[in-house]
Amino acid sequence: MNIRYVAELEPNFAPLSVALRDFKALVNEKGGEDLLIAIERDQGFVSRNDMRVLADGVDDELNFNIVERVIKSLLWMRGGYKIILSGPENLCKRIQEAYKVNGLREFDRNFMSGIYESEFQVIISKCPCGVPEAREASSAIGRHLDGCRIGFDAGGSDRKVSAVIDGETVYSEEVLWFPKENSDPQYQYDGILAAMKTAASHMPRVDAIGVSSAGVYINNKIRAASLFIKVSPEDFEKRVKNMYIDVAREIGADIPLEVANDGDVTALAGAMDLNDTEVMGIAMGTSEAGGYVDKNGNITGWLNELAFVPVDANPDSMVDEWSGDYGCGVKYFSQDAVIKLAPAAGIELDSTQPLAHRLKAVQKLMEEGDPRAKKIYETIGVYFGYAVAYYAMFYDIKHVLIMGRVTSGEGGAILLERAKEVLAGEFPEFSIELHIPDESSRRVGQSIAAASLPETRK
């Protein structure tokens with residue numbers, strides 16, 4: 001693999017965007033076959049993303065390794081519980097085996113089964129006619145600024161809340177908390193309720209509540225969220241699923257509520273600020289959250305869980321503890337990335353401290369002009385430039401907006417400038433503008449955009 005920009009603190013970083021580009025060139029050289037890929041999700045919606053691959057027997061390992069990464073990416077970008085394939089027989093069978101019980105991608109299988117409450121399947125069709133056509137939908141959400149609104153952003157290391165009256169922020173606060181370290185969901189419930197009550201106290205009434213939160217939400221119910229990673233399945237079912245609905249009722253029985261993935265809210269915030277469409281939002285905090293606003297300015301209904309989308313083709317790269325997979329975005333665009341790179345930069349962090357405190361220690365060094373800290377952000381910038389190119393192979397993107405605690409301070413600006421350099425130098429065919437909001441918006445902008453999510457009752 002020939003890459004123009006080496007990640008200084010992780011020289012073995014092998015961008016999946018370049019690996020896929022090289023694979024496509026090899027298929028063109030060798031002659032390939034069509035692989036038809038459809039992924040079905042709730043309500044019969046279907047995403048299609050076909051590709052050319054090598055014929056069986058040409059280089060089966062490379063064929064599988066690339067296609068497995070692409071299908072995993074599509075699964076976490078689009079979401080779904082049923083994969084339908086038509087193409088080279090041996091390749092399709094290996095993908096099918098990977099998603100069986102005890103297979104290579106059992107975590108993904110189980111996660112999607114839980115999200116969509118359906119048995120996960122990989123179906124192989126011998127005839128291309130057996131692969132369903134795309135059936136997509138998008139919905140308008142947000143941009144409602146009338147009345148007195150609460151916007152809440154539930155991060156993994158801090159929670160932000162804003163009180164907004166007719167589009168003007170009258171109060172915002174940011175509070176450190178540790179939801180990922182607490183197995184009793186009463187901790188999370190009390191923190192969310194306290195934040196909303198504080199915001200409510202700064203307004204004459206509450207007309208609507210919008211929530212931006214990492215995870216998957218359907219009809220305002222929590223289907224999966226890393227904030228509750230230590231909560232038992234029994235407590236999740238009984239005490240977590242309806243948590244935002246229950247908290248909103250304590251604020252007011254009939255107050256409209258809208259809960260959205262924090263990546264989608266980041267994208268919405270960017271679309272509102274830029275007054276444009278085809279915006280990808282990425283929040284770099286305790287994890288990586290992704291969201292997307294399409295050409296119509298709408299949310300797509302796709303999963304957009306970029307934390308689990310691979311960006312590094314190096315099989316020896318860092319493994320995510322939750323999914324058990326390597327090279328996934330969570331280890332490249334979150335506080336984990338900063339912390340994992342610190343030793344390579346020559347920075348020793350106190351491993352007994354919470355992750356958020358270790359991130360702050362690096363950010364303090366950045367404020368002091370420490371060149372070691374700068375190298376960390378430059379390295380993440382290289383990661384990001386290549387990752388944006390990979391995302392652009394599956395999304396139509398005009399703008400990428402980044403937010404979140406990792407982007408705070410000078411480090412965020414360095415990260416973005418390095419990413420721009422990589423994207424322009426390595427992938428000039430993509431005309432994508434990268435943006436970072438001002439410091440205040442970076443930290444609490446999501447909670448303000450969240451406030452615009454629900455419509456008020458007339």
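A residue counts as exposed when its relative accessible area is over 50%, and as buried when that area is under 20%. The structure described here is a predicted model. Cys129 has a relative accessibility of 66%, so this residue is exposed.

Cys129 takes part in a disulfide with Cys127, with an S to S distance of 2.4 Å. The structure holds one disulfide. The torsion about the S-S bond of Cys127 and Cys129 is about 130 degrees, so the link is right-handed. Cys127 is partly exposed, at 35% relative accessible area. Two further cysteines were examined for burial. Cys148 has a relative accessible area of 2% and is buried. Cys328, at 1%, is buried too.

The interior was examined next. In soluble globular proteins, nonpolar side chains tend to be buried together. The largest nonpolar core here comprises 93 residues. Those with the most contacts inside this core are Phe333, Ile376, Phe384, Tyr391, Tyr395 and Val400. Helix α11, spanning residues 371–392, is the top contributor to this core, giving 14 residues.

Leaving aside residues up to four places away in sequence, Val400 touches Met280, Ile282, Phe384 and Val388, among others. Its contacts also include Ile432, Glu433, Leu434 and His435.

Helix α12 covers residues 410–426, 17 residues in total. At 1.5 Å a residue, α12 should span 24 Å; its end C-alpha atoms lie 25 Å apart, which agrees. The buried residues of α12 include Gly411, Gly412, Ile414, Leu415 and Leu416. Ala419, Val422, Leu423, Gly425 and Glu426 of α12 are buried as well.

The largest pocket has a volume of about 900 Å³. Its lining consists of 49 residues. Of these, Lys180, Ser226, Thr286, Ser287 and Gln335 lie nearest the pocket centre. Several strands each supply at least two lining residues: β6 (148–154), β7 (158–165), β13 (279–284) and β14 (288–293).

One cavity of 30 Å³ or more was found. The largest cavity holds about 40 Å³ of space. Its lining is formed by Ile37, Ala38, Ile39, Ser47, Arg48, Asn49, Leu74 and Arg78. Strands β1 (32–40) and β2 (46–48) and helix α2 (60–78) each give two or more residues to this lining. The most come from β1, with three residues.

Asn220 has a positive phi, near 70 degrees, although it is not glycine. Asn220 sits in the loop between β10 (216–218) and β11 (221–224). Its relative accessibility is 15%, so Asn220 counts as buried. Glu278, also a residue other than glycine, has a positive phi near 55 degrees. The loop that holds Glu278 runs between α8 (262–274) and β13. Glu278 is buried, at 17% relative accessibility.

Conventions: Residues are numbered from 1 along each chain as its sequence is written. This is a predicted model: local features need pLDDT of at least 70, side-chain atom pairs count only at pLDDT 80 or more; totals for chains, interfaces and linings use all residues. Side-chain values use heavy atoms; hydrogens and water are left out. A nonpolar core is a set of buried Ala, Val, Leu, Ile, Met, Phe, Trp, Tyr and Cys residues joined through side-chain atoms within 4.5 Å. Buried means under 20% relative accessible area, exposed over 50%, partly exposed in between (1.4 Å probe, protein chains only). Helices (H or I, at least four residues) and strands (E, at least two) are DSSP runs, numbered from the N terminus. Contact means heavy atoms within 4.5 Å. The expected span of a helix is 1.5 Å times one less than its number of residues. A disulfide is a pair of cysteine sulfur atoms within 2.5 Å. On a 1 Å grid over the protein atoms alone, a cavity is a set of points where a 1.4 Å probe fits but cannot get out, and a pocket is an open set with protein on both sides within 12 Å along at least five of seven lines; lining residues have an atom within 4 Å of a point. Grid points are joined across faces, edges and corners, and a volume is the space filled by probe spheres set on the points.
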